[in-house]
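Hi,

Here is the structure I promised to pass on. Have a look at it first, and then read my notes below.

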Protein chains: 4
Amino acid sequence: MKVSIIGTTGYGGAELLRILHQHPEFQIQSIHSSKLEVPISEEYPHLYGVIDKELQKIDPDKIASESDIVFFATPSGISAKLTGEFINKNIRIIDLSGDLRLPAEQYNEWYKKEPADPQIKEKAVYGLTEWNREAIINAELIANPGCYPTSALLGLAPVVKAGLIDPSSIVVDAKSGVSGAGRSLARTSSFSEANENFRAYKINQHQHTPEIEQQLLQWNKDIEPITFTTHLLPITRGIMTTSYVKLNGKHTTSELLELYKETYSRNPFVRVRPENSYPSVKEVAGSNYCDIGLHADPRTGRLTIISVIDNLMKGAAGQAVQNANIMCGLEEETGLNFVPMYP
Amino acid sequence: MKVSIIGTTGYGGAELLRILHQHPEFQIQSIHSSKLEVPISEEYPHLYGVIDKELQKIDPDKIASESDIVFFATPSGISAKLTGEFINKNIRIIDLSGDLRLPAEQYNEWYKKEPADPQIKEKAVYGLTEWNREAIINAELIANPGCYPTSALLGLAPVVKAGLIDPSSIVVDAKSGVSGAGRSLARTSSFSEANENFRAYKINQHQHTPEIEQQLLQWNKDIEPITFTTHLLPITRGIMTTSYVKLNGKHTTSELLELYKETYSRNPFVRVRPENSYPSVKEVAGSNYCDIGLHADPRTGRLTIISVIDNLMKGAAGQAVQNANIMCGLEEETGLNFVPMYP
Amino acid sequence: MKVSIIGTTGYGGAELLRILHQHPEFQIQSIHSSKLEVPISEEYPHLYGVIDKELQKIDPDKIASESDIVFFATPSGISAKLTGEFINKNIRIIDLSGDLRLPAEQYNEWYKKEPADPQIKEKAVYGLTEWNREAIINAELIANPGCYPTSALLGLAPVVKAGLIDPSSIVVDAKSGVSGAGRSLARTSSFSEANENFRAYKINQHQHTPEIEQQLLQWNKDIEPITFTTHLLPITRGIMTTSYVKLNGKHTTSELLELYKETYSRNPFVRVRPENSYPSVKEVAGSNYCDIGLHADPRTGRLTIISVIDNLMKGAAGQAVQNANIMCGLEEETGLNFVPMYP
Amino acid sequence: MKVSIIGTTGYGGAELLRILHQHPEFQIQSIHSSKLEVPISEEYPHLYGVIDKELQKIDPDKIASESDIVFFATPSGISAKLTGEFINKNIRIIDLSGDLRLPAEQYNEWYKKEPADPQIKEKAVYGLTEWNREAIINAELIANPGCYPTSALLGLAPVVKAGLIDPSSIVVDAKSGVSGAGRSLARTSSFSEANENFRAYKINQHQHTPEIEQQLLQWNKDIEPITFTTHLLPITRGIMTTSYVKLNGKHTTSELLELYKETYSRNPFVRVRPENSYPSVKEVAGSNYCDIGLHADPRTGRLTIISVIDNLMKGAAGQAVQNANIMCGLEEETGLNFVPMYP
């Protein structure tokens with residue numbers, strides 16, 4: 001199976017290369033960038049002698065004729081314009097950007113950019129693998145979930161679906177490593193200002209808010225707007241989402257853990273931790289796991305949900321390959337059995 | 001004015017030395033430790049040539065006869081036993097540990113240690129400076145607040161006191177640097193396991209929970225138990241507390257910022273940020289400031305409060321000296337005008 | 001091929017598990033520790049659901065009868081005593097500790113510990129793979145090189161062997177991440193004291209000094225004692241060794257790079273960088289590569305050699321598996337094709 | 001005494017503000033920038049409520065008429081052009097950039113920029129305080145030393161001046177925190193690429209090389225070109241310079257430490273450490289100290305010199321204020337008694 005990557009020089013692209021180089025069934029056919037025509041190892045010396053392919057201009061016809069799958073690892077605003085040129089050309093498309101996840105109006109409101117053609121958007125299947133496998137199998141086009149939504153949704157799903165919570169009570173306090181901001185230069189992601197620091201940003205205004213709410217509403221139509229805060233951690237990789245919900249009735253931690261274990265029992269990349277064990281972000285670093293820990297507090301009637309992922313893996317490239325595996329009829333773990341790198 | 005420190009080799013003690021060495025009115029009389037009788041610069045080489053005093057055994061009578069003020073920067077469980085020996089000896093006592101902040105039963109429940117004699121505890125004035133100046137002026141004994149409670153309480157106080165929030169809605173999501181765990185060695189505070197990591201701990205079980213609730217109840221007797229999560233940041237110093245409350249009515253961010261500015265107008269160490277500006281932990285590093293930012297979300301009716309401090313300064317040694325200044329009739333900023341160290 | 005690990009709870013052991021779990025030819029038979037009899041995932045939650053084997057006591061006969069290869073990932077002083085019990089039992093032994101690398105007297109002088117039985121030591125083949133393949137193929141017992149020696153020796157070998165340098169001129173300035181100090185707790189490897197810090201330690205007294213000199217002398221009998229400084233970097237993984245040598249004659253960087261490329265042409269894990277490109281430690285993180293960059297300065301006649309490795313991979317577990325592959329007649333890259341994790 | 005700062009928005013400027021705000025004799029008159037006319041606290045929120053002065057355009061006549069001292073904290077290439085407009089206007093000038101440290105030809109060769117008017121350059125006194133006090137007292141214009149040269153020169157001076165070393169043997173292996181690269185954005189100083197990383201750069205080509213050699217030659221005219229490597233540490237502040245020299249005769253560490261202590265006995269900001277104690281960079285963080293440790297190795301006849309500074313303090317703003325104090329007849333410690341911030 002031949003795959004191409006558009007937007008290879010960002011961190012999502014680099015992580016796709018790390019995965020795909022070791023993938024037993026996929027072969028990297030070509031890598032593309034709008035800017036550079038140099039060997040990728042000039043941009044990323046860690047690939048020197050490993051992947052020395054040259055970055056190529058983006059030629060949709062050529063790519064579609066030579067590859068079976070194309071990954072868009074582009075900044076927002078690019079695939080909204082470009083995916084149309086790959087549709088109906090017998091190529092599977094996986095878009096890691098946020099361009100195809102929201103209805104046009106919402107996209108415009110939260111991303112402040114021109115939305116994709118609604119006909120294209122309509123074809124896009126939301127690629128939250130654990131909850132959408134059936135649709136992914138037959139999809140031509142995948143809107144791969146955002147990093148924050150992946151961790152928040154996997155953590156909230158079981159209690160939201162089961163109707164165990166007050167639908168107006170959801171507070172999501174999320175913390176991400178700096179690589180989530182991408183590779184373009186910015187003051188807040190410079191070392192001297194991010195290091196030994198911790199900051200909140202886009203409070204109640206992050207573009208992942210409607211993406212989370214849209215999926216929650218599919219699980220439970222009574223869900224009200226959520227409170228969502230994003231923070232910047234002084235680490236490179238990893239997201240922890242601490243979610244708070246009010247439980248409808250009395251439920252013990254152990255009872256809820258059973259529900260979670262049951263729910264995710266056939267999902268190889270979700271690890272529900274035992275009682276009194278809470279995952280830390282480093283415990284999933286470099287892997288495709290989402291680890292979840294729970295604590296229900298009898299004093300307050302609230303449930304605290306801790307979910308962690310590597311934002312570049314399960315939050316981006318890892319989940320993209322997981323979806324590609326499913327689209328191609330492979331086992332979903334294929335090429336993704338990375339043991340977390342610890343310490 | 002002569003001051004002594006008991007428990008000098010921990011980080012709180014070291015920070016007291018940094019402040020007191022530069023303080024224009026206080027003079028370090030003696031420093032004490034239960035273990036070592038060596039120059040402090042052997043334990044802390046950064047003090048070499050600056051403070052070369054020798055650590056001494058703890059002799060209450062001698063200390064009380066030679067000093068005007070004594071700071072306890074000891075681990076929990078020590079000052080519960082020791083402060084009694086300093087009472088009624090014409091010496092002011094400031095206890096940085098948690099031993100004198102809670103009623104005996106609660107202390108025992110949350111700290112799992114033997115509480116102080118209730119008569120001693122009764123003399124202790126809670127040293128949250130901004131809200132307790134009157135009592136501090138005449139106190140003989142100060143229970144200096146915990147680091148998490150300081151940041152949470154300063155952030156919550158104005159809306160809680162004003163009765164603007166649903167008293168059952170408080171969720172406090174707190175993140176602290178590793179120095180908050182003290183200087184004793186532990187796996188979770190070793191570099192290889194804390195670095196590039198982020199973990200939640202003591203979920204709903206942190207010993208600072210009752211300390212926060214006790215003070216909130218003094219401001220508003222309807223406050224219900226809070227949800228409180230603590231996380232370990234891969235930084236040395238700094239706490240950010242992100243607090244969530246449900247507003248009773250409609251209030252804009254700008255209106256609430258006015259309330260906060262008004263409330264803290266005569267408090268030199270609380271900086272209320274302008275709208276759309278949220279403090280980061282590094283912006284108070286090394287200083288005694290508590291910076292606060294707010295966002296009221298019309299979509300949800302919730303207020304998000306960001307408050308940051310340096311846990312070793314406003315969260316420990318800085319606030320202790322601020323209280324000592326007040327007890328001695330000095331301006332409360334005396335010796336505390338540290339500009340944050342940035343970057 | 002069945003493998004066992006003794007000393008599994010240290011970082012070297014954890015890294016062996018990460019590699020071996022994904023190795024296509026080796027199967028983890030049993031894991032051992034002197035202390036604990038619990039599932040390894042209690043000690044290392046990142047392995048939860050991946051490797052749930054229980055740690056076992058060390059029973060040499062049982063291990064030798066069930067496994068084909070045993071790795072010692074123990075602190076110094078252990079394998080000196082234990083390896084004897086595995087000799088002549090038809091099991092291949094790879095010792096990651098420093099116990100079998102030096103003659104008895106030198107070991108005692110630099111390690112301050114009881115040396116191994118000289119007969120055992122004599123059987124041990126020094127496992128610097130790139131330079132000792134012939135001997136490794138038939139070895140029963142491998143003394144796997146130290147992390148600093150691996151990076152220093154691979155960087156120095158070509159010019160030392162070729163006799164291009166003044167044999168009295170070698171200065172090795174090495175910098176290592178904190179994981180190199182192992183998992184036992186220590187003040188200097190606590191987060192608050194290692195973070196935002198950089199320190200030199202064991203100046204001219206590091207136990208890897210004689211290991212480096214011993215190998216250099218095999219390549220060039222005129223080599224004189226080296227100057228060797230080790231420093232602690234505030235990172236978890238990675239070593240950079242900056243070595244300085246005086247060139248005998250005039251040699252350009254480009255000429256020397258040719259020599260290095262030629263020397264390492266059939267060595268898949270040594271990447272010699274192009275002129276003006278110098279490797280950084282993150283560019284090999286998580287991989288088995290040793291990357292080398294050179295600069296010959298016409299102003300001074302000195303050559304500066306930069307060599308980087310991941311101390312837990314090429315500096316420990318990776319090289320150990322590379323040696324195990326060779327001992328078993330496998331391609332040496334088997335199970336080791338990790339792409340560096342960047343960023 | 002009134003002082004102004006030109007180039008206030010860089011890290012050197014921010015550090016000058018931190019020092020000057022607390023300085024008992026200097027008062028900040030005005031702050032200048034080529035770009036912005038906003039309150040400095042918009043650019044640096046840590047100064048909110050502390051220094052709210054507005055950034056002003058650079059008007060040399062106005063500045064010279066209102067201030068007694070002006071600091072240039074500008075990137076290289078600016079003060080070469082601007083200082084001329086302040087000469088002969090009865091204002092003392094301290095230039096933190098590299099523009100006035102080298103003869104025109106060398107400046108052009110190493111900085112690749114237009115040098116200053118040689119007549120201006122001639123007036124500039126090199127501000128390595130500990131070695132140039134006499135000239136500084138009467139100077140109109142100070143070329144404040146670079147960060148690397150400050151740490152390297154203070155470490156090498158005693159043995160170089162005393163003629164105890166082989167003049168062709170100097171190797172300087174230097175490591176700096178990221179703030180040394182300034183505040184402008186760059187890939188290598190972005191968090192995701194500098195964090196958990198360590199890289200060498202400008203090997204044998206750093207522009208501080210001729211600055212170091214020029215001063216060494218003033219102490220000892222036989223000194224030959226040095227080998228100089230600079231590395232980027234994943235910390236914000238701090239430089240460690242590890243220097244290697246061949247001793248002419250046999251000298252013990254203790255003997256050499258005596259020489260150093262004697263040499264620096266009346267220098268309050270140089271701390272020579274006791275035998276077997278080596279300074280780490282965090283032990284001087286936020287302070288104006290340069291700490292030095294030594295080890296003479298009888299095996300090799302080489303001396304290893306460890307010297308550490310905070311690059312923004314003794315390596316920039318701290319030394320600048322130290323020089324300003326001397327120029328104004330104040331005690332050189334005035335306003336500089338910062339205790340290192342540890343941990």
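What follows is a short tour of what turned up in it.

Some ground rules before we start. This is a predicted model, in which local features need pLDDT of at least 70, side-chain atom pairs count only at pLDDT 80 or more, and totals for chains, interfaces and linings use all residues. Residues are numbered from 1 along each chain as its sequence is written, while chains are lettered from A and ligands numbered from 1 in the order in which they are written.

**Chain A as a whole**

Let's begin with chain A, whose secondary structure comes to twelve helices and 14 strands. (Helices, H or I with at least four residues, and strands, E with at least two, are DSSP runs numbered from the N terminus.) The C-alpha trace of chain A spans about 60 × 45 × 40 Å along its principal axes. A compact globule of 343 residues would have a radius of gyration near 20 Å, and chain A agrees, with 20 Å. (That radius is taken over C-alpha atoms, and the globule rule is 2.2 Å times the number of residues to the power 0.38.)

Of the 343 residues in chain A, 62% are buried. Buried here means that 20 or more other C-beta atoms lie within 10 Å of the residue's own; exposed means 12 or fewer, partly exposed is in between, and the C-beta atoms are placed from the backbone. Now for contacts: two residues are in contact if their C-beta atoms, placed from the backbone, lie within 7 Å. Taking the contacts in chain A between residues at least 6 apart in sequence, 71% join residues at least 24 apart.

**Two domains**

Chain A is assigned domain 1 (2-126) and domain 2 (148-311), with bounds from an automatic or database domain assignment. Their C-alpha centres lie 27 Å apart. Where they touch, eleven residues of domain 1 of chain A are in contact with eight residues of domain 2 of chain A. Helix H5 (residues 104-111) of chain A gives the largest share of the domain 1 side, three residues. By class, that side has six nonpolar, four polar and one charged residues. (Ala, Val, Leu, Ile, Met, Phe, Trp, Tyr, Cys and Pro count as nonpolar, Asp, Glu, Lys and Arg as charged, and the others, Gly among them, as polar.)

**How the copies meet**

Chain A superposes on chain B by a rotation of 180° with 0.0 Å of shift along its axis (RMSD 0.0 Å). Of the residues of chain A, Pro234(A) comes closest to the rotation axis, at 3.4 Å (C-alpha). The contact takes 35 residues from chain A and 35 residues from chain B. Several elements of chain A supply at least two residues each to its side, including strand S8 (171-176), helix H9 (191-194) and strand S14 (302-309). By class, the side of chain A that touches chain B has 14 nonpolar, twelve polar and nine charged residues. Since 100% of the interface residues of chain A are also interface residues in chain B, the copies meet through the same surface.

**A closer look at chain D**

Find strand S4 (residues 69-72) of chain D. Both of its faces are covered: Ile69(D) and Phe71(D) on one side, and Val70(D) and Phe72(D) on the other, are all buried. S4(D) runs parallel to strand S1 (residues 2-6) of chain D, joined by four bridges, and Ile6(D) stands opposite Phe72(D). Four bridges also join S4(D) to strand S5 (residues 92-95) of chain D, again parallel, with Val70(D) opposite Ile93(D). (Strands pair if DSSP finds at least two bridges between them.)

Arg237(D) sits in the loop between strand S10 (227-232) and strand S11 (239-246) of chain D. Arg237(D) counts as buried because it has 29 C-beta neighbours inside 10 Å. Although Arg237(D) and Gly180(D) are 57 residues apart in sequence, their C-alpha atoms are 7.5 Å apart in space.

Most residues other than glycine have a negative phi, and most peptide bonds are trans. Asn204(B) has a positive phi, near 60°, and counts as buried, with 20 C-beta neighbours inside 10 Å. Asn276(C) also has a positive phi, about 70°, but counts as exposed, with 10 such neighbours inside 10 Å. A cis peptide bond joins Tyr342(C) and Pro343(C), with omega about 5°.

Cheers

Conventions: Least-squares fit on C-alpha atoms with pLDDT ≥ 70 in both.
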